[in-house]
Amino acid sequence: MAGLAYSLGKREINQYFTIKNAKFISLAIVVLLLVFHTALRYYGGGDTCDWLLSSGRYLGENVWQPYGCMMHKYKSTEAKTCLAEKRVAFVGDSRIRQLFYSFIKIIEPERREDGNKHEDIPFEDESSQVTVNFLWYPEANNSMKERLISWTKELSAKPDIVVLGAATWSIKLHSGSSETLQQYKVNLTAMSTPLEMLAEDGEVYWVLQDPVNEELLSENRKRITNQQLEMYNEAAVDALNSSKRHARARVKLLAASRQAAMETIAKSPDGLHLPESTRNVGAMVLMNSVCNKYLRPIDGSCCQKVPLPNLLQKLSACIFLGSALVFLVLHILGWNHRRPMPPDVESLEEKKPATAASPLGPKAPFQALCRMGVIMAYFYLCDRADVFMKEQKFYTHSTFFIPLIYIFVLGVFYSENSKETKLLNREQTDEWKGWMQLVILIYHISGASAFIPVYMHVRVLVAAYLFQTGYGHFSFFWLKGDFGLYRVCQVLFRLNFLVFVLCMVMDRPYQFYYFVPLVTFWFVIIYATLAMWPQILQKKANSTGMWHLGILAKLLGLLLCICFFAHSQGFFENIFSVWPISKLFELNGSIHEWWFRWRLDRFAVIHGMLFALIYLVLQKCQVLSEGKGETLFSTKISNLLLFLSAISFMAYSLWASSCKNKTECNEMHPYISVVQILAFILIRNIPGYARSLYSSFFAWFGKISLELFICQYHIWLAADTKGILVLIPGIPSLNILVSTFIFVCVAHEISLITNDLAHVVIPKDSTALLKRLGAMGLFSLLVLLLTRHSQPTPGA
């Protein structure tokens, strides 16, 4: 009865919630969200600098998240670059002195707080010629005003950045009288003119008063109450930010540190001064406000203006608009088309329908490009335009492990009988890719790379993808011997089409999407290894066992080449630094990232090739029992292998949990990752009942795993994977659900578009294919020439 209800439940879900309906819903949601965010920015204020300075919340204990944008954590070298030859002045009381110390510690982390109290404190960094001074002015009075006026007259002494604030001394010295508050308003109103004059050529920040912990205040500070401080803040806002006098305030109000202090003032040592972690928030907010517009860090979206589209982005827009125009004309003329049967996602073998599919009409490629254009517009709006919000990642164990439990439950719910029971059959490999991709997605969005045991296990998943690359392509070439140009071009197009479009639309280098260059490179290596003379295939090897030694010799030669390059970094970088090859493998002008990625999983592909060879030989010799319900080997051997696999699997996990740092563990990873991969394969395939079942839920995601991996960069994550896309502000859980729903629908549609275009761009006729390759080569060369002397906009 329970099984019947289970089957009926799945049938009901699949009947009413189809992928086509899901895509229509996601399109409607995107339109509504665009309207919502446009109205929000127009009516509610869309200046990310105001968001940065005014509001935010804590992620955990020490990570500050501004509202709607990302705050970069500046390092000493970055701060010195930004502030080079600038003068910065902090003017105020002991609280401003605290902020001053936190600010200069960003520039010089070893700096001590050794200045005398109630005195001016100078700071200068000779290497960058940055001057930061603290000036002791505990009250907003005539003395402070005279100092400001003097700066407006003496240009040689005028600071580029002024940070000031005061109130607590006025309350303490005058017992919080109303007359003092009125005088404070008068003084600030008088100071507003010189402050605005300073702001014309520089930046001026007035720091609103942080709350106090009244219970911890000493007797002479008891008059400093939060109610008093609130009144003084209101007076400062009225005097410095009056909309009646100015269309836009030139003096910026720093309120974010005040909001942060509300959550941490209980940790204050004396009730007045903030904990160091809280004042560091204020200093980092200031640094982002000052520096983001100059350095444009990728993970610092606050206070950055959207860069204008470059030449390639404009060219991409013209191509998509031109396709839409042609499609419209053909549609009016009544041209129709039929979509062909989709190819096998991994092997790219066409599935053979009962009747041959009709050839594509002339309208099909333009319709596909129209759909791609709409999707690329969404990509651009998400991660290049100033439309949607972004937030930084913050790792907790719950944000990683709880979603894992959810997807595991869904995977079990959609378990079905497999059509095949062979080891690593198509449904099983799709399932494997699917759950691995979902784990990697959760890993990325939760920021779990900060937790080394999770990081090391995810590194195994990446190695497993490359293992499958070696296994799948070796098996295809070994069994079928199809080294034709059509097959090669189909694979290369399938792997690279989306990334090529994104490189143009999102202004990013090819190596930025590192996994695609990695898989493409290894496919070419596998092809070259097996296609070179002598071509050794299964048919030839069956005639004499000597050919098996020949294929092993090829694999040994490949292994030796890998080892040589792995121990010759200089030679490796010299080869891949030659133009135009360098355009495919450089990131930020360096080959180092490509070297790191290649070296980290350098043996995974050859492990997969060797495993495929052993498995296919054993299968041919009929050593394996792959019937339904049969264990793969005899009972004793199966039990022994299962025991060893379980021990190996747990041993790797224990080792990963004991890792002290990533560098040390990454050195061991290429040699031992195969242990956990093989352990999983054996545990999954030795029991006959395990081979007879698969999860259709995971397999569905496995068929679009490539698109999921690439699309996450810009429409699920944000700021080129450094942050999280915020479509629904203020409700993180709902935001993740909605953005994930849209993201998955987009990935699936791109998979179909790639299939449609592959049949047009890669024809089976050799002459037509060579012409297409020539045209694509010329276009690629043109793109390379256009970008040869240009670099992607930093932080765009």
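How are α17 and α18 oriented relative to each other, roughly parallel or roughly antiparallel? The two helices, residues 485-505 for α17 and 515-531 for α18, have axes that come within 10 Å and cross at roughly 170°. α17 and α18 are therefore roughly antiparallel to each other. On the scale used here, angles under 35 degrees count as roughly parallel, over 145 as roughly antiparallel, 65 to 115 as roughly perpendicular, and the rest as oblique. The axes are lines fitted to C-alpha atoms, for helices over the stretch in contact, and the angles run from 0 to 180 degrees between N-to-C directions.

A quick word on what is being described. This is a predicted model, in which local features need pLDDT of at least 70 and side-chain atom pairs count only at pLDDT 80 or more, while totals for chains, interfaces and linings use all residues. Residues are numbered from 1 along each chain as its sequence is written, and side-chain values use heavy atoms, with hydrogens and water left out.

Seen as a whole, the chain has 31 helices and 13 strands; helices (H or I, at least four residues) and strands (E, at least two) are DSSP runs, numbered from the N terminus. Along the principal axes, the C-alpha atoms fill a box of roughly 100 × 70 × 65 Å. Of the 796 residues, 52% count as buried, where buried means under 20% relative accessible area, exposed means over 50% and partly exposed is in between (1.4 Å probe, protein chains only). As for contacts (heavy atoms within 4.5 Å), residues 24 or more positions apart account for 78% of those with a separation of 6 or more.

An α-helix has 3.6 residues a turn, so residues three or four places apart point the same way.

α17 has a few features of its own. The helix bends by about 45° at Asn496, the bend being the angle between axes fitted to the seven residues ending there and the seven starting there. As for length, the 21 residues of α17 should span 30 Å at 1.5 Å a residue, and the end C-alpha atoms are 29 Å apart, which agrees; the expected span is 1.5 Å times one less than the number of residues. Because 17 of its 21 residues are buried, α17 is largely enclosed by the rest of the structure. After α17 comes Asp507, with a positive phi near 55°.

In α18, Pro517 is worth a look. This proline sits within the helix and is buried, with a relative accessible area of 2%. Beyond its neighbours within four places in sequence, Pro517 is in contact with Tyr510, Gln511 and Trp594. Pro517 and Trp594 are 77 residues apart along the chain, with 8.8 Å between their C-alpha atoms. Another proline, Pro534, lies in the loop between α18 and α19 (538-543), and a cis peptide bond joins it to Trp533, with omega about -10°.

Most residues other than glycine have a negative phi, and most peptide bonds are trans. Asn588 is in the loop between α22 (582-585) and α23 (592-600) and counts as exposed at 74% relative accessibility. Gln622 is in the loop between α24 (604-620) and α25 (635-657), and at 69% it counts as exposed too.

Buried residues turn up elsewhere as well. Tyr378, in helix α13 (residues 363-383), counts as buried at 7% relative accessibility. Not counting residues up to four places away in sequence, Tyr378 touches Val30, Phe388, Ile715, Leu725, Leu727, Ile742 and Val746. Ile224 lies in the loop between β7 (203-207) and α9 (226-240) and is buried at 1%. Leaving aside neighbours within four places, the contacts of Ile224 are Thr168, Ile171, Lys172, Val212, Glu214, Leu217 and Leu229.
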